[in-house]
Amino acid sequence: MWCHSSHDADCPEEAWNLYQHIENVEALNISSDGCASAKSIFKSYKERLSALPCVTSNSDVDFILKVWFRTPVNIRRLCVAWCGQLAGQAARVQCFCGTVAEELDFDGMVGVQADQSIELPINPLAEHWVQCDVKHFTRVSFLLLRFQGVHGGCSRSHVSYIGFEGEHSHASREVVDAKHESMHAEHDVASEDETNAGSDNFDCSVHYEKPPTRD
C-alpha cells in the first residue's frame, strides 16, 4: 500500500517529500568536508534555500551520490539546486535506478545507459522541478545519481539541495547480503499468488501530494 503520511514531526505537511525515507547516502569524488553532508542535502522543503550543508566535488566537476531508501518509493519529480548561487551548480545528472546499480562507480559506468539523463538549470531558489520517468522511478529502493559538468565554468561543482516528490510504501526493502541485493522480483510474484488471501499489494494508481505551488 502506498502512503502519504509524513514521518517528520517537524514537517507534517511534507508527506510528499521522500527525504525522510532515505536510509543511507554514499558519495564518490566529493571533498572531505562534503562527506559528512552527503545525506544532509536531502532535506525538508522549508529548508531548501539554506546553502549549507552542501556537497562539493573533489578533483574535478563530476561526483556520484548513492541513495538507499528504507522502503520502496515512487519518485515523480526531483529538484537539484545550489541555493543562492548563480555559478558552480552541477549542470546535469544521470539517474540509475534499482539495486543492479549499487556496485557501479566511474569506471563501471562505461557503456551503461542511464535510466534518465537530466539537464539541470541554474536553480538558486530551488524552484525548478523535473518530471521523472514513471517506468524507471516506480518501486525504487536504490538510486544512483551521477552529476556531470558545472555552470559558470567553475573548477568544482556544488549541490546544496535535492528534493524527491512522490510516495512511499510500508513494505520493507529486503536485503539478502552485504551488497544490498534486492528480493523485490520474488516478492512481486508472491504478492500476486497471495492476493486472494488478503495480502498487501502495491497500488501504483494512488494520487500523491505535491509540494507547495512555486511561482
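Reader: What makes the meeting of the Glu119 and Arg92 side chains a salt bridge?

Author: Glad you asked! In this predicted model, the side chains of Glu119 and Arg92 come together at 3.5 Å, N to O. The cut-off is within 4 Å between a side-chain nitrogen of Lys or Arg and a carboxyl oxygen of Asp or Glu, so the pair qualifies. Glu119 sits in strand β6 and Arg92 in strand β5, so the bridge ties together parts 27 residues apart in sequence.

Reader: Why is Glu119 called exposed?

Author: Its relative accessibility is 57%, and exposed means over 50%, so Glu119 counts as exposed.

Reader: And why is Arg92 called partly exposed?

Author: Arg92 has a relative accessible area of 31%. Buried would need under 20%, and exposed over 50%, so Arg92 falls in between and is partly exposed.

Reader: How many salt bridges does the structure hold?

Author: There are three. Among them is the one between Glu167 and Arg76, with the closest N and O atoms 3.3 Å apart. Glu167 and Arg76 are both buried.

Reader: What makes Arg77 and Glu165 a salt bridge?

Author: Their side chains meet at 2.7 Å, N to O, and the limit is within 4 Å, so this pair qualifies too. Both Arg77 and Glu165 are buried.

Reader: Is Gln113 buried or exposed?

Author: Exposed: its relative accessibility is 72%, and the threshold is over 50%. Gln113 is found in the loop between β5 (90–97) and β6 (116–119).

Conventions:
Residues numbered from 1 in each chain as written. Predicted model: local features only at pLDDT ≥ 70, side-chain atom pairs only at ≥ 80, totals over all residues. Heavy atoms only, no water. Helix = DSSP H or I, 4+ residues; strand = E, 2+ residues; numbered from the N terminus. Buried < 20%, exposed > 50% of the residue type's maximum accessible area, 1.4 Å probe, protein only.
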